[in-house]
Amino acid sequence: MIRLVLTDMDGTVVPFGATSVSRRTIAAAHMLLDADIAFGPASGREPEDLAEYFRYDRSCYATGVFANGKIVRIEGKTVFEKPVEKAPIESLLQLVEPLHDCFLLFYVHDKQGDLTFGVLGGTEQDISDVMAETPIKSTPVILEDIPTEPCYTVDVIYGNELGDKQTATRRLRSAVPQFDYVAPAPHLFDVLPHGWSKADATEILLDRMGIRSEEVAFFGDSDNDLTMLRRMPNSFAVANGSPAA
């Protein structure tokens, strides 16, 4: 019996370029909740960033795994956090700064407390050119330094100078082995603590909820979903998924 449904967001229930899930998807989530089946995202995005995606229906993202496993929430309460270490981020920045089409992307809070994107290591024009090749459509702010607050979302945005996906992965791992680099979309790597993933965070979620992996249905599409697709017996890759997924 399924007691929990988890889903990736971008490319799975939200087409790249769309700003929210369909009303049909929200209705389906409520059908699950009404049947006492928990529902939530297992996403690279942070909770605040999913508000618009779910049309500000908090019940749809109150429980789940966020920031690729660095945040776990149950019924709106954060039960686990694993921020990215700052020292290896410095090493990563030293690698990308000399490259004109490669930079780091962070989630930061603006003066109003809203979540927005901030970048380090690139000019406005460089950032605009490379960001156009990713599913991220927000206009980021240029940061002066690594954010002082805990970092849960750190991405590498890259063009051609870092090489193709395989070459770029090797270069990043060689320079900063403290991190793993998974690709949810072209020209984009999610940065995770080495050996950590959505699946590890999901085990924490299941333990807190008293649910077995056999009672979970998971839906995903990309390389950052691979650990979930492998560990959750009832897993599904959508038709547009990456070859690896």
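A polar contact is a pair of N or O atoms within 3.5 Å; within protein, one atom must be able to donate a hydrogen and the other to accept it, and residues adjacent in sequence count only if both atoms are side-chain atoms. These legends describe a predicted model, in which local features need pLDDT of at least 70, side-chain atom pairs count only at pLDDT 80 or more, and totals for chains, interfaces and linings use all residues. Residues are numbered from 1 along each chain as its sequence is written, and side-chain values use heavy atoms, with hydrogens and water left out.

**View 1. Asn-224 and its polar contacts.** Asn-224 sits in the loop between E12 and helix H6 (226-231). Helices (H or I, at least four residues) and strands (E, at least two) are DSSP runs, numbered from the N terminus. Is Asn-224 buried or exposed? Its relative accessibility is 8%, so Asn-224 counts as buried (buried means under 20% relative accessible area, exposed over 50%, partly exposed in between, with a 1.4 Å probe and protein chains only). The Asn-224 side chain makes a polar contact with the side chain of Ser-222 at 2.6 Å. A polar contact also links it to the side chain of Asn-68, at 3.0 Å. Contact in general means heavy atoms within 4.5 Å. Leaving aside neighbours within four places in sequence, Asn-224 is in contact with residues including Val-182, Pro-184 and Asp-190.

**View 2. The open sheet of four strands.** Its order is E2-E1-E12-E13, and the pairing is parallel. Two strands pair if DSSP finds at least two bridges between them. Strand E2 (38-41) and strand E13 (234-237) stand at the edges with a single partner strand each, so one side of each has no neighbour in the sheet. From one strand to the next, the twist averages 15°. Angles run from 0 to 180 degrees between N-to-C directions, and axes are lines fitted to C-alpha atoms, for helices over the stretch in contact. Helix H5 (residues 198-209) packs on this sheet and touches strand E1 (4-7), E2 and E12. The direction of H5 makes about 160° with that of E1. Four bridges join strand E12 (residues 216-220) to E13. Gly-220 has Ala-237 in E13 as its bridge partner.

**View 3. The open sheet of six strands.** Here the order is E8-E7-E6-E9-E11-E10, with mixed pairing. Strands of a sheet pair through backbone hydrogen bonds, either parallel or antiparallel. Strand E9 (residues 154-158) and strand E11 (residues 188-193) run antiparallel, joined by three bridges. Val-156 stands opposite Phe-189 in E11. Helix H3 (residues 124-131) lies across E6, E7, E8 and E9, at about 90° to E6.

**View 4. The largest cavity.** On a 1 Å grid over the protein atoms alone, a cavity is a set of points where a 1.4 Å probe fits but cannot get out; a pocket is an open set with protein on both sides within 12 Å along at least five of seven lines, and lining residues have an atom within 4 Å of a point. Grid points are joined across faces, edges and corners, and a volume is the space filled by probe spheres set on the points. The largest cavity holds about 280 Å³ of space. Its lining has 26 residues, and those closest to the centre are Asp-10, Gly-44, Arg-45, Pro-184 and Asp-190. E11 gives the most to this lining, with four residues.
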